[in-house]
Amino acid sequence: MKIAIYPGSFDPPTLGHLDIITRAAGIFDELIVACMLNKRKQTLFSSAERVEMLKLITNAIPNVKVDSSDELLADYAKKHGAAVIVKGLRAMSDFEMEFQMALLNRKMNPNLDTLFLTAGEKFHYLSSGAVKEIGALGGDISDFISPAILKKVEDVLCPV
Ligand code: ADP
């Protein structure tokens, strides 16, 4: 069974993330979406909220499992029998950092490969950070966030 991991902060999960999840789930037998809890990285949404939102947007995809972790990704992958990390690549600006991380992860766990999927053409410009900026100023984020979690995200970004 081919298991892959899609790690990220998902603060909040966007339609760009969901596009990568849907496509990766079509390639692997099982896809673990791992919400990474990096204590040095401040997030707007709690880990429980991010996991809950990921579950809501992926519940129609049977081979997707949502989890969270504060471990080193290379160790987490080994523990879960995953040989592949999936990453979404937007523009060249993602590349340098992702290239470095892929090589470091492979150095730490030689059985671990990173597979890059190009962002869907409608989502190249989309990031969780941009959604937070737009939403906090009362802008319309419905083109960027799944309807299953739109209200929750709006309520946190722009409480009335
Ligand atoms: P961000 O980079 O927006 O803060 P994450 O850290 O949660 O988001 O990203 C997790 C993974 O999803 C990374 O591999 C990132 O490149 C990818 N990703 C983020 N936004 C998109 C998007 N709009 N389209 C495709 N991949 C994306």
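A polar contact is a pair of N or O atoms within 3.5 Å; within protein, one must be able to donate a hydrogen and the other to accept it, and residues adjacent in sequence count only if both atoms are side-chain atoms. By this criterion, an oxygen atom of the ligand is 3.2 Å from a polar backbone atom of Ser-128. This is a predicted model, in which local features need pLDDT of at least 70 and side-chain atom pairs count only at pLDDT 80 or more, while totals for chains, interfaces and linings use all residues. Residues are numbered from 1 along each chain as its sequence is written, and side-chain values use heavy atoms, with hydrogens and water left out.

**Ligand surroundings**

- A backbone N or O atom of Gly-88 lies 2.5 Å from a ligand oxygen atom.
- A polar backbone atom of Phe-123 is 2.9 Å from a nitrogen atom of the ligand.
- There are 18 residues around the ligand, and Tyr-6, Phe-10, Gly-88, Arg-90 and Phe-123 come nearest (near: a heavy atom within 4 Å).

**Loop between S1 and H1**

- The loop between strand S1 (3-8) and helix H1 (15-25) holds Pro-12 (DSSP runs numbered from the N terminus: helices H or I, at least four residues; strands E, at least two).
- The peptide bond from Asp-11 to Pro-12 is cis, with omega near 0°.
- Phe-10 is found in this loop as well, and its phi is near 50°, a positive value in a residue other than glycine.
- Most residues other than glycine have a negative phi, and most peptide bonds are trans.
- Phe-10 is buried, with a relative accessible area of 1% (buried: under 20%; exposed: over 50%; partly exposed in between; 1.4 Å probe, protein chains only).
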